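Let's take a walk through a protein chain together. Have a look at the sequence and the model first, then read on.

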Amino acid sequence: PVPNSGCGEWLLEPQSTNLIPYSQDFSQYLSISGSVVTDNYSTSPDGTLNASRLQLDSQSQSRIETTASGNSIANKNHTVSCFVKSNGADTEFRLKCTHTGVLDYFSPNFTASDKWQRFTFTQLFGSGSNNSFRAGILNGTSNNAADLSIYGFQLEQDQSFATSYIPTSGA
C-alpha cells in the first residue's frame with residue numbers, strides 16, 4: 001500500500017437528504033406518554049454542548065417522535081439514525097420508522113453505553129404507503145425507564161443504510 005502523503009481522502013456515498021426538519025432540536029418533537037427532553041444537556045460527538053437529554057419512563061412505548069414528508073415512499077427502504085449514549089448504566093431503547101396510518105415499525109432493542117454510538121434502523125415500506133413518515137426514539141421492549149443523551153436525528157428516504165450525518169435546523 002502507498003502511504004498517505006498528506007492528501008485528503010474521499011468519502012463516496014450517494015446523495016441524500018435528512019427529512020427531519022429539526023435534527024438537533026428535540027424540543028420540536030412530540031412527547032408521548034412519559035418522556036422528558038432537556039436541550040443542551042451534554043457535549044455531542046461534534047464537541048459542542050448541544051446534545052439533548054431524553055428521559056423515558058417505564059410506560060409501554062414511552063417516546064418522542066416527529067413527522068416528515070417524502071415523495072413516493074412505497075416499496076422503498078428508509079433509514080432512521082441517531083447518536084445515542086446512556087447517562088448512567090447501559091440502557092435499552094428502540095428507534096421507530098413508519099409511515100402514518102399504519103401499525104408502527106420498531107427496531108429491535110439497542111443498548112446504549114456511556115460512549116457515543118450511532119444507531120440505525122432500516123424499514124421497507126409496502127405498496128400501500130402514503131407520503132408521510134413518523135420517526136422517533138422509545139424505550140426498549142422491557143419497558144424499563146431510560147436516561148439517554150441524543151444527538152443528530154436523521155431520516156433518509158429510499159436508503160438502505162445511513163449516510164454521513166446531515167444537520168437540519170428548520171422546515
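Predicted model: local features only at pLDDT ≥ 70, side-chain atom pairs only at ≥ 80, totals over all residues.

Residues are numbered from 1 along each chain as its sequence is written, and side-chain values use heavy atoms, with hydrogens and water left out.

What is the secondary structure made of? It comes to ten strands and zero helices. Both kinds are DSSP runs numbered from the N terminus (helices are H or I, at least four residues; strands are E, at least two). The radius of gyration is 16 Å, close to the 16 Å that the globule rule gives for 171 residues, so the chain is as compact as a globular protein of that length. That radius is taken over C-alpha atoms, and the rule is 2.2 Å times the number of residues to the power 0.38.

## The open sheet

Five strands make an open sheet, in the order S2-S3-S10-S5-S8, with antiparallel pairing. Strands S2 (35-43) and S8 (117-124) sit at the edges with a single partner strand each, so one side of each has no neighbour in the sheet.

Inside the sheet, S5 (residues 77-86) and S10 (residues 146-157) pair in the antiparallel sense over eight bridges. To count as a pair, two strands need at least two bridges found by DSSP. Threonine 79 stands opposite glutamate 156 in S10.

## The nonpolar core

How many residues does the largest nonpolar core have? It has 28, and those with the most contacts inside it are Phe93, Leu95, Ile150, Phe153 and Leu155. S10 gives the most to this core, with five residues. Such a core is a set of buried Ala, Val, Leu, Ile, Met, Phe, Trp, Tyr and Cys residues joined through side-chain atoms within 4.5 Å.

Buried residues make up 42% of the 171 in the chain. Buried means under 20% relative accessible area, exposed over 50%, and partly exposed in between (1.4 Å probe, protein chains only).

Asparagine 40, in strand S2, has a phi near 50°, a positive value in a residue other than glycine. Aspartate 158 lies in the segment after S10, and its phi is near 60°, again positive in a residue other than glycine.
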